[in-house]
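Hi,

Here is the structure I promised to pass on.

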Amino acid sequence: MRNIFIFILRYHVLITFIIFEILTFSMLIHSNFYNSSRFLSSSNFFIGKSVNYFNNFQQYFFLKDINEILIEENSSLKNKLNLKLKKNNLNQKTEYIEANVIKNSTSLKRNYITINKGSIHGIEPGMGVCNHKGVVGIIRDISSNFSTIISILNTKSLISTRINNTNHFGELVWNGISREFAQLNSIEKYVDIAIGDSLFTNSYSNIFPEDILIGTINRFSISNEDNFYDIEVNLCVDFSNIYNVYVIKNNLKNEREKLESGTYEK
Amino acid sequence: MKNSLEHILRFISLVLIQIFVLNSIQISGYLYPNIYILFIMLLPAKFPKFLVLCLGLLLGIIIDAFTDSYGTHSSATVLISYLRPKILSLVSIKGGEDLENISMKHLKYERFFTYSGIICFIHHFTLFYLEAFRVSELFESLWRALMSSILTLILIFILELSRSKYIKI
């Protein structure tokens, strides 16, 4: 017994070092493999509040830019409203919840965005997020007042897309290099694509409604290793400049999930 | 007493600078300076190693919570807190025991930058490699660590220069 104490006393620095490293690694691995709630993130109440205070102060410098964006957006919304009225489409499948970005990053490999709306505003994990230009990301964690978003600029993000001209679908991922470009996988070689083709979301998953713009094809090449194109997509959202975003709430989600789970069981 | 107050103030101000200034201005994917490790570097050499590790963990977890990085910053900071005495013995014969304070003024430029450069590089490399979490990204992580370390060292140089000018120790 005495020897154990002497041993611990002598190597206490090394032992604490190993314990701390195990602790931090378990945090890291846990966040990599599980989507469970994490108490230390900017959707946490205290951290969210302090980030919000600083952001309020910071936003004064960008008021002019924000105004311009809002005007631009207003006009595009009016146009859409006119189109809607013409089509006389009254079926309200999706709702948009408006939110402000209070924290954002683009320089990391795994970029997350924090917004100032949470579960009390009706946000749930897994909802899609877009802004007036196009797709931003998918909700990951929520607290009562804040939520965090996995942005497209995250090596773990994956979004199902559709090429406008051919209607083929592919998976949009990000390789972590440039904040302007993402990569499109799973488009087979026989598909006829061209530079400048636009990519939209599809409704295969429940996350996004049909036809939200993601970006345009910037460059593509045929890879020698497999049967797919290597496609580089020019993202239409400027991630270093997002303030107002819309969280997309799909009102028919439960109905569809129920139907689909029933189908797959049989 | 005066010294410990200085360290507490440095802890708070470096965390604030890191979170609200450096993490807000996004320069490029390759340049991600982490100035907050200056706190660990400047702790007195005689400070108990156990407490250095605890402070390293605390500091890392605070930064992790604000950047949503879940453990990468804290494991890198704990690592440099552990390696600090060993690196210190590279620049000083008695392992830093003869130094009252660690600063650019006491160590002079050459020794101070060897010390802070090694710590900076180890920290950034661990951080980026853990963040990538993929074996194949070794060389890219090395390159990013090198670029970011250089920027961090420039910032540390500016901070240390202004400190030695206005506060006569």
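Below is what I found, one part at a time.

Before anything else, please keep in mind that this is a predicted model.

**The barrel in chain A**

I'd start with the sheet in chain A. Six strands form a closed barrel there, in the order β6-β7-β8-β11-β10-β9, and the pairing is antiparallel. On average, neighbouring strands of this sheet are turned by 45° against each other, direction ignored.

Next comes β11(A), residues 229–235, which pairs with β10(A) over seven bridges, in the antiparallel sense. Ser221(A) and Asp230(A), the latter in β11(A), are bridge partners in this pairing. What joins β10(A) to β11(A)? It is a hairpin, and the chain passes through six residues between the two strands.

**Two residues with a positive phi**

Asn167(A) has a positive phi of about 65° although it is not a glycine. You'll find Asn167(A) in the loop between β6 and β7 of chain A, with β7 covering residues 169–173. Is Asn167(A) buried or exposed? It counts as exposed, because 10 other C-beta atoms lie within 10 Å and the cut-off for exposed is 12 or fewer.

Ser186(A) is the other one: its phi is also positive, at about 65°, and it is not a glycine either. Ser186(A) sits in the loop between β8 (181–185) and β9 of chain A. With 16 other C-beta atoms within 10 Å, Ser186(A) is partly exposed.

**Where chains A and B touch**

The contact between the chains takes 29 residues from chain A and 28 residues from chain B. On the chain A side, α2 (12–33), α3 (45–59) and β2 (110–115) each supply at least two residues. Which of the elements gives the most to this side? That is α2(A), with 12 residues. By class, the chain A side divides into 12 nonpolar, 13 polar and four charged residues.

**A helix pair in chain B**

Last, turn to chain B and find α3(B), residues 49–67, and α4(B), residues 72–91. Their axes come within 7 Å and cross at roughly 160°. That angle is over 145 degrees, so α3(B) is roughly antiparallel to α4(B). The crossing is right-handed.

Among the residues that make the contact are Leu53(B), Leu57(B) and Ile61(B) of α3(B), along with Ala76(B), Val78(B) and Tyr82(B) of α4(B). Overall, this helix contact has 10 nonpolar, eight polar and three charged residues.

Happy browsing!

Notes:
Residues are numbered from 1 along each chain as its sequence is written. Chains are lettered from A and ligands numbered from 1 in the order in which they are written. This is a predicted model: local features need pLDDT of at least 70, side-chain atom pairs count only at pLDDT 80 or more; totals for chains, interfaces and linings use all residues. Two strands pair if DSSP finds at least two bridges between them. Helices (H or I, at least four residues) and strands (E, at least two) are DSSP runs, numbered from the N terminus. Axes are lines fitted to C-alpha atoms, for helices over the stretch in contact, and angles run from 0 to 180 degrees between N-to-C directions. A residue is buried if 20 or more other C-beta atoms lie within 10 Å of its own, exposed if 12 or fewer, and partly exposed in between; C-beta atoms are placed from the backbone. Two residues are in contact if their C-beta atoms, placed from the backbone, lie within 7 Å. Ala, Val, Leu, Ile, Met, Phe, Trp, Tyr, Cys and Pro count as nonpolar, Asp, Glu, Lys and Arg as charged, and the others, Gly among them, as polar. Angles under 35 degrees count as roughly parallel, over 145 as roughly antiparallel, 65 to 115 as roughly perpendicular and the rest as oblique. A crossing is left-handed if the near helix is turned anticlockwise from the far one by less than a right angle, and right-handed if clockwise.
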